[in-house]
Amino acid sequence: MKSLSRRAMGNWKQWVMCLALAACGVTAVSCDRKAQPPKTPGKGPKTKIVMGFAQVGSESDWRAANTVSIKAEAKKRGIDLRFVDAQQKQENQIKALRSFITQKVDIIAFSPVVETGWEPILRDIKRAGIPVILCDRRVDVTDHSLYMTYIGPDVVEEGRKAARWFVKNTSGEVKVFEMRGTPGASCAAERKQGFEDVIKDHSRIKIIHSQDGNFERGRGKEVMEAFLKSPQGKQFNALFAHNDDMALGAIQAMKEAGLKPGEDIKIVSIDAVKAAFEAMIAGELNCTVECNPLLGPQLFDFVEALIKKHIVIKEGVFDQSQAKEAIKTREY
Ligand code: AHR
């Protein structure tokens, strides 16, 4: 299969500029000096886009939904997706990224399991002329030209939202057990940072214990079981879990220990997966902050804009039966 990446990626900065202009409605710009964009929309390169995606793993309901979204969207758009599940291991992700270079894919996307240690492989990918997109988690690199963009949520804000729930909905001393995500993951550090940003102005709310639960339900349960046996486990009255799965595991451990989660212990977590709603309906979880895993459409919009050189504008068809209603919101 012919690789499109070198041709399409003559100058990354130029492309980013092109996309920014396109987002502002400016579409008739030349984005690549070597290969001019197709003059007629839809007449771009016909070769199938080949994308390598190195997924973190399958640690949570959020991740499962994220994987489905990416695979389904690739299928819908006829993209040849080379998908690798790295089972929460950075070395597996690096191995996958290296194999994508060998396979000469057009574009690479990945959700970095941890934040550091990416520069050497990202430099190799850049040398191979393959653009990189970061999904949902960030990398800590000094050279930001090693990736094109980050598509993901405002994770620090998620931590702030969780803390704001405690500020608004509790009174008196709040002694929080913070159950953190995977050690070294950008989202674990950012959720912590956001939460602490808010509680620093509310001295009645304190983190009395902070521990990793790896974003896994089983681990969340084990960690809570051990914590409940410790002296601090007798004092806490709140749980901030960096994801729903860990909160759900912890809830199970609390129930087995004779506690009433949601009442004895106020619980806030992040993701907003269906199981969290079930727990809220059962009164066992107090709040979940949404982290949207359905990144597929936005990811592939970006990929197609980049590789196919065409950002498709949404257009409709209107007949007489709709005209009266539709005219109310017409902007032109
Ligand atoms: O990176 C997103 C986080 O990873 C989700 O909040 C968590 O559930 C997942 O494992």
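When I say buried, I mean under 20% relative accessible area, with exposed being over 50% and partly exposed in between, using a 1.4 Å probe and protein chains only.

Quick housekeeping before the tour. This is a predicted model, where local features need pLDDT of at least 70 and side-chain atom pairs count only at pLDDT 80 or more, while totals for chains, interfaces and linings use all residues. Residues are numbered from 1 along each chain as its sequence is written, and side-chain values use heavy atoms, with hydrogens and water left out.

Okay, the overall picture. We have twelve helices and ten strands; those are DSSP runs numbered from the N terminus, helices being H or I with at least four residues and strands being E with at least two. For contacts, I mean heavy atoms within 4.5 Å. Taking contacts between residues at least 6 apart in sequence, 72% join residues at least 24 apart. The chain exposes about 16700 Å², and carbon and sulfur atoms supply 52% of that. Areas here are Shrake-Rupley with a 1.4 Å probe, and for residues only the protein chains shown count as cover.

Now the ligand. Which residues surround the ligand? They are Glu59, Ser60, Trp62, Arg63, Asp136, Arg137, Cys187, Arg191, Phe215, Asn243 and Asp271, where near means that a heavy atom of the residue lies within 4 Å. Asp271 has a side-chain N or O atom 2.6 Å from one, Arg191 has one at 2.8 Å, and for Arg63 the distance is 3.1 Å. The protein covers 100% of the 280 Å² of accessible area that the ligand has on its own. The space the ligand takes is the largest cavity. A cavity, by the way, is a set of points on a 1 Å grid over the protein atoms alone where a 1.4 Å probe fits but cannot get out, and a molecule sits in it if more than half of its atoms lie within 2 Å of its grid points. Helix 3 (61-76) and helix 7 (186-199) are the elements giving two or more residues to the shell around the ligand.

Staying with helix 7, have a look at Ala188. Is Ala188 buried or exposed? Buried, because its relative accessible area is 7%. Beyond four places in sequence, Ala188 touches Gly181, Thr182 and His242. Asn214 is 26 residues away in sequence, with 9.3 Å between the C-alphas.

Next, Asp245, in helix 9 (residues 244-256). Asp245 has 3% relative accessibility, so it counts as buried. Leaving aside neighbours within four places, its contacts are Ser60, Asp61, Trp62, Phe215, Glu216 and Arg217. Ser60, Trp62 and Phe215 also turn up around the ligand.

Ile79 is in the loop between helix 3 and strand 2 (80-85), and at 8% it is buried too. Ile79 and Met51 are 28 residues apart in sequence, yet 7.2 Å apart C-alpha to C-alpha.

Last stop, backbone angles. Ala272 has a positive phi, near 70°, in a residue other than glycine. Ala272 is in the loop between strand 9 (266-271) and helix 10 (274-281), and is partly exposed at 22% relative accessibility. Lys309 has a positive phi as well, near 60°. Its loop runs between helix 11 (296-307) and helix 12 (320-326), and at 14% Lys309 counts as buried.

Terms used. A polar contact is a pair of N or O atoms within 3.5 Å; within protein, one must be able to donate a hydrogen and the other to accept it, and residues adjacent in sequence count only if both atoms are side-chain atoms. On a 1 Å grid over the protein atoms alone, a cavity is a set of points where a 1.4 Å probe fits but cannot get out, and a pocket is an open set with protein on both sides within 12 Å along at least five of seven lines; lining residues have an atom within 4 Å of a point.
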